[in-house]
Amino acid sequence: MAVAMSSTCPGLYCGRLMVNGSVEGDCGVCPRGERANIQKVCERCIESPELYDWLYLGFMAMLPLVLHWFFIEWYSGKKSSSALLQHVTAMLECSLSAVVTLLVTEPVGKLSIRSCRVQMLSDWYTMLYNPSPDYVKTLHCTQEAVYPLYTIVLIYYAFCLVLMMLLRPLLVKKIACGLGKSDRFKSIYAALYFFPILTVLQAVGGGLLYYAFPYIILVLSLVTLAVYMSASEIQSFKNLVAKKKRLVVLFSHWLLHAYGIISISRLDKLEQDLPLLALVPGPALFYIATAKFTEPSRILSEGGNGH
């Protein structure tokens, strides 16, 4: 009773309901789509997501698409010309899933969402902040304080999985004739592994990813670009433009670089942040400029001559 009669509620996320303009009921968990304000009253989430929130959702939406493309390329190899169609299908699946997810999220039927602002890391892990006012009974106030950034990603992954199972097997069966029966479905099997992993990643590390994703994008895009250029033995601009596929990979990495830079700067001050995008081609240009000095065969031959 002490909790119910107190003017404010214990804990960070417990609140009381507002009914017909008056605060009523005991302290407890706020309904979905609401969170406790400073006065410990459950308040409806009516704000629009910030640019950073949309960039985070974009990053989480890109993860399955990039993994789809990687495994399609990995298992198609040079035997099949169906890789391009599978790439397009994967993009179609993820795009449709994103649109449907936005449409079923409040406000239903619109390509927009209403949200609560993320204030601190603990907002993602409200289950760890259930108070115990009398040190005997725990007051359970676990809720989605970052509504809907936590659950919308899980809903999107569910739609991606369903659409993949509906569309991809029929497509692969018809067009992947160059592959063996056991190989043609391997990219789909890979997705059945990585979707549960992505779901657990969002469920456990969603808050950490929210703050770290710009740096993850920059580091991974730099590393994968360096690995690709090294594996493809690109040491000059001539090697780079020799194949269209290499240019596609290069521009894709540049887009990721730009995405990471925008996410870090948040474009708060356009006149200061936009010039940073000029750094996007830097890593590729640096690699090409220094590749001839780090060629292993050259280093070995010079070492041999030295002896």
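## K40 and its loop

K40 sits in the loop between strand 3 (34-36) and strand 4 (42-44) of this predicted model. Take a look at its backbone: phi of K40 is near 65 degrees, which is a positive value in a residue other than glycine.

Is K40 buried or exposed? With a relative accessible area of 15%, K40 counts as buried, because the cut-off for that word is under 20%.

## Two cis peptide bonds

Now move along to the loop between helix 3 (83-104) and helix 4 (151-175), where P107 is found. The peptide bond joining E106 to P107 is cis, with omega at about -5 degrees.

P148 also lies in the loop between helix 3 and helix 4. Here the cis peptide bond joins Y147 and P148, and omega is about -5 degrees.

## The largest nonpolar core

Which residues touch the most other members of the largest nonpolar core? They are Y56, W124 and F213, out of 38 residues in this core. Helix 2 (51-76), helix 3, helix 4 and helix 5 (186-231) are the elements that give two or more residues to the core. Helix 5 gives the most, with 10 residues.

## A second core

There is a separate, second core as well, made of 7 residues. Among them are L225, M229, I234 and L250.

Terms used
Residues numbered from 1 in each chain as written. Predicted model: local features only at pLDDT ≥ 70, side-chain atom pairs only at ≥ 80, totals over all residues. Heavy atoms only, no water. Helix = DSSP H or I, 4+ residues; strand = E, 2+ residues; numbered from the N terminus. Buried < 20%, exposed > 50% of the residue type's maximum accessible area, 1.4 Å probe, protein only. Core = buried A, V, L, I, M, F, W, Y, C linked by side-chain atoms within 4.5 Å.
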